[in-house]
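Welcome, and thanks for taking a look at this one with us. Please have the structure open beside you while you read.

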Amino acid sequence: MRHPMFMAASALAAFLITAGVPATHAQAPTTTEQIDEKIAHAIGMEAVFYGFAPVMVQLAIRSQTDAGQPFDNGQAPVNQMGHARRLYGPADKFVVTANNDTLYSFAALDLSKEPVVLTIPDTEGRYYIMQLIDAYSRAVEDIGIGTLGAQGGTFAIVGPGWKGTLPPEMVRIDSPTPEVYVIGRTGVDSDEDLPAAHAVQDQYRLRALSAYGQPSSPVELGHKDASAKMGFPEGLDFFALLDRAIRTNPLPEDAPITEQFTRIGVGLEKPFDVASLSEPVKRSLTQALRDGIAAIQSVAKDSGSRVNGWNMEFKGGLYGNDYLLRSAIAYKQLGLNKALRALYPNRYLDANDQPLNGQHAYTIKFDGKVPVRAFWSLTMYDAKDLFMVENPIKRYSIGDRTKGLKTEADGSLTLYIQAKSPGPDRESNWLPAPDGDFFLQMRLYEPTEAVLNGSYQLPQVMREDSQ
């Protein structure tokens, strides 16, 4: 959450080579007809690097709020919360690298008029986290068992410029942008554990500050069979979406960058209008989208710190002015948690730097317990789309909560990563792979200091033989 929450790399690329959205602030510069093609391409590339993450958040919000009521696939109107009632699998293509460990809850907040109040129940030890990201995919706050404990609490999420008094029982959380995307995750151990996890979800409360204190009851969720789908903009609509993100969620500190975009029609007094662009500028911006996305894809494959073959994203949610890293993470892991709360080591390559591919068999051997305070998992994704892969045993992730997992007498654990069964005596530890290239992602929920400071390293992925 990648919802996670969330979109396939290939689909994303196809979409962004076409792209779209509406408006923001700024002064009118030289007319777009007068912009040289090379300048338009250069500014367009910078806009893609800067704007990919906010565009992805806009797409997530738009698709997630395309609902007249809260639904059991996580969709809900603005300032309401929807809850996914099942673990995500291969059929769910809302966002890339979604997890198979927790039930998702989603909400898109509009704080432009007043704060929104989030109430968390006592989860009685059950893992949960309510991740708040701003309109640029940056971490606002993580409300979870690792920060609050299991006892719950009440939080007022406040937008920029609001002046008022909050009830004393509320914890104030300030967001730098009026739009906030909430990605909730509630731990669930198995299908048998779903009813208990649903009962926790039903106790999450989200309401406007003006409605706080009024009687409320569990929300009746409508039913939808499939998760939300992101609509892929066409043509140059990427820049229209960026325009809307900047207009709706202006960041004064970024003005030296975003004011340059006015030269390509983004951030003017009127919304972005592709019809106002000259044909040469349109061609330049179309090429800038292709080139910018190709660069983001390249960075995404090896972003973060490489530790024993695993890409460790220690800067999740905390990007500063590294807009290219922000875009790369939004490309493959939109909604990435801060490392302190959850770390997501991932890899495309084996120990010999060869692409992971289902034509070969691999092992990962853990010498002892993985140092986490909550739990860990390893999830399989197709390398092209970054979605989970269908397989005959319906196992999409494996981890310390997997039933029947076998450890050796010395406490070591070997996982078998391959397309074909490793044999009946090893199937308990088997994570099925697709026939082609694949992508592996670990999830370390509430990692210990040993993980964060690098003194603990995940084991390599070893290729064993050809199948």
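Here is a short tour of the nonpolar cores, one asparagine and an open sheet. Please keep in mind that this is a predicted model.

**Nonpolar cores**
- The largest nonpolar core holds 61 residues, and Phe239 and Phe261 are the ones that touch the most other members.
- At least two residues of this core come from each of helix H2 (37-64), strand E2 (102-110), strand E8 (179-187), helix H4 (237-248), helix H6 (279-300) and helix H7 (323-333).
- H2 makes the biggest contribution to this core, with 13 residues.
- Another core, of 29 residues, lies apart from this one, and Phe366, Trp376, Leu378 and Leu413 are among its members.
- Beyond its neighbours within four places in sequence, Phe261 contacts Ile43, Glu46, Ala47, Tyr50, Leu242, Ile246 and Val266.

- You will find Asn73 in the loop that links H2 and strand E1 (81-83).
- Asn73 counts as buried because its relative accessibility is 5%, and the cut-off for buried is under 20%.
- A polar atom of the Asn73 side chain sits 2.9 Å from the backbone oxygen of Ala226.
- Leaving out residues up to four places away in sequence, Asn73 touches Gln64, His83, Ala84, Tyr88, Lys224, Ala226, Ser227 and Ala228.

**The open sheet**
- Four strands, in the order E7-E6-E3-E9, make up an open sheet with mixed pairing.
- Strand E7 (170-174) and strand E9 (205-208) are the edge strands, each pairing on one side only.
- From one strand to the next, the twist averages 25°.
- Strand E6 (residues 153-158) and E7 run parallel and are joined by five bridges.
- Opposite Val158 stands Asp174 in E7.

Key: Residues numbered from 1 in each chain as written. Predicted model: local features only at pLDDT ≥ 70, side-chain atom pairs only at ≥ 80, totals over all residues. Heavy atoms only, no water. Core = buried A, V, L, I, M, F, W, Y, C linked by side-chain atoms within 4.5 Å. Buried < 20%, exposed > 50% of the residue type's maximum accessible area, 1.4 Å probe, protein only. Contact = heavy atoms within 4.5 Å. Polar contact = N/O pair within 3.5 Å; in protein donor to acceptor, adjacent residues only side chain to side chain. Pairing = 2+ DSSP bridges. Axes fitted to C-alpha atoms, helices over the stretch in contact; angles between N-to-C directions.
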